[in-house]
Amino acid sequence: MKILSFFLGANAFKHKFQMRNARAFRDDQYLNTKMSLTQKLGDGDFFITAVIPLFDEKVHHMIIKGCTDDVHHTRDATEHVNCDGSQIIFSWAMSAGQLEFPPGAGIHVSGRSGIRSIAIEAHYKVKFHGVDNLTGVEFEFTSEPPQKTVGIYLLASATFQERIIIIMK
């Protein structure tokens with residue numbers, strides 16, 4: 001942990017949020033899973049400073065949402081997961097990279113933010129055998145409040161998808 005703290009900062013750490021037992025039985029299937037932030041992080045205020053997508057050839061794109069409701073256990077992937085107070089945290093499509101914010105900027109989660117859980121929606125373009133437990137994200141967190149708060153808006157159509165990142169004071 002000391003080496004990780006040196007690279008990320010004294011109050012920084014990483015945590016993975018991944019699909020659980022996802023099975024795509026048909027082409028163009030959307031699957032969702034949801035996990036508790038408060039169970040993984042506690043009740044304090046935390047800030048996402050970077051998002052690293054986790055994927056292989058199975059997944060075509062995914063959307064990561066913050067939810068105001070909590071869950072008591074990580075749910076296996078299903079076609080629908082309820083996400084109250086949905087807020088987009090990250091979107092990813094094939095060949096896209098990670099999302100790293102400028103120094104002093106982050107997305108507020110847990111604690112006073114009201115975001116209690118993370119929902120992953122993954123689109124599997126082609127059905128596959130076996131399960132997917134890889135797809136998801138690794139967040140870099142800090143407990144240090146940033147100077148600027150980040151908000152993400154997703155603009156999309158059938159042929160176009162773009163993230164707009166707004167950093168506010």
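The torsion about the S-S bond of Cys67 and Cys83 is about -105 degrees, so the disulfide (a pair of cysteine sulfur atoms within 2.5 Å) is left-handed. This pair links distant parts of the chain, 16 residues apart, with Cys67 in strand β4 (residues 61-67) and Cys83 in the loop between β4 and β5 (87-93); helices (H or I, at least four residues) and strands (E, at least two) are DSSP runs numbered from the N terminus. The two sulfur atoms lie 2.0 Å apart, and the structure holds 1 disulfide. Cys67 counts as buried because its relative accessibility is 0%, and Cys83 counts as buried at 15%. Buried denotes under 20% relative accessible area, exposed over 50%, and partly exposed in between, with a 1.4 Å probe and protein chains only.

The model is predicted: local features need pLDDT of at least 70, side-chain atom pairs count only at pLDDT 80 or more, and totals for chains, interfaces and linings use all residues. Residues are numbered from 1 along each chain as its sequence is written, and side-chain values use heavy atoms, with hydrogens and water left out.

The protein chain comprises 2 helices and 11 strands, arranged from the N terminus on as α-β-β-α-β-β-β-β-β-β-β-β-β. An open sheet is formed by 4 strands in the order β2-β8-β4-β5, with antiparallel pairing; two strands pair if DSSP finds at least two bridges between them. The edge strands, β2 (29-36) and β5, each pair on one side only. On average, neighbouring strands of this sheet are turned by 15 degrees against each other, direction ignored, the axes being lines fitted to C-alpha atoms. Strands β2 and β8 pair in the antiparallel sense over 8 bridges, and Ser36 has Ser117 in β8 as its bridge partner.

Buried residues account for 43% of the 169 residues in the protein chain. Excluding residues up to four places away in sequence, the residues touched by Phe141 include Phe17, Ile48 and Val109, where contact means heavy atoms within 4.5 Å. Among contacts in the protein chain between residues at least 6 apart in sequence, 81% join residues at least 24 apart.

Technical notes:
Axes fitted to C-alpha atoms, helices over the stretch in contact; angles between N-to-C directions.
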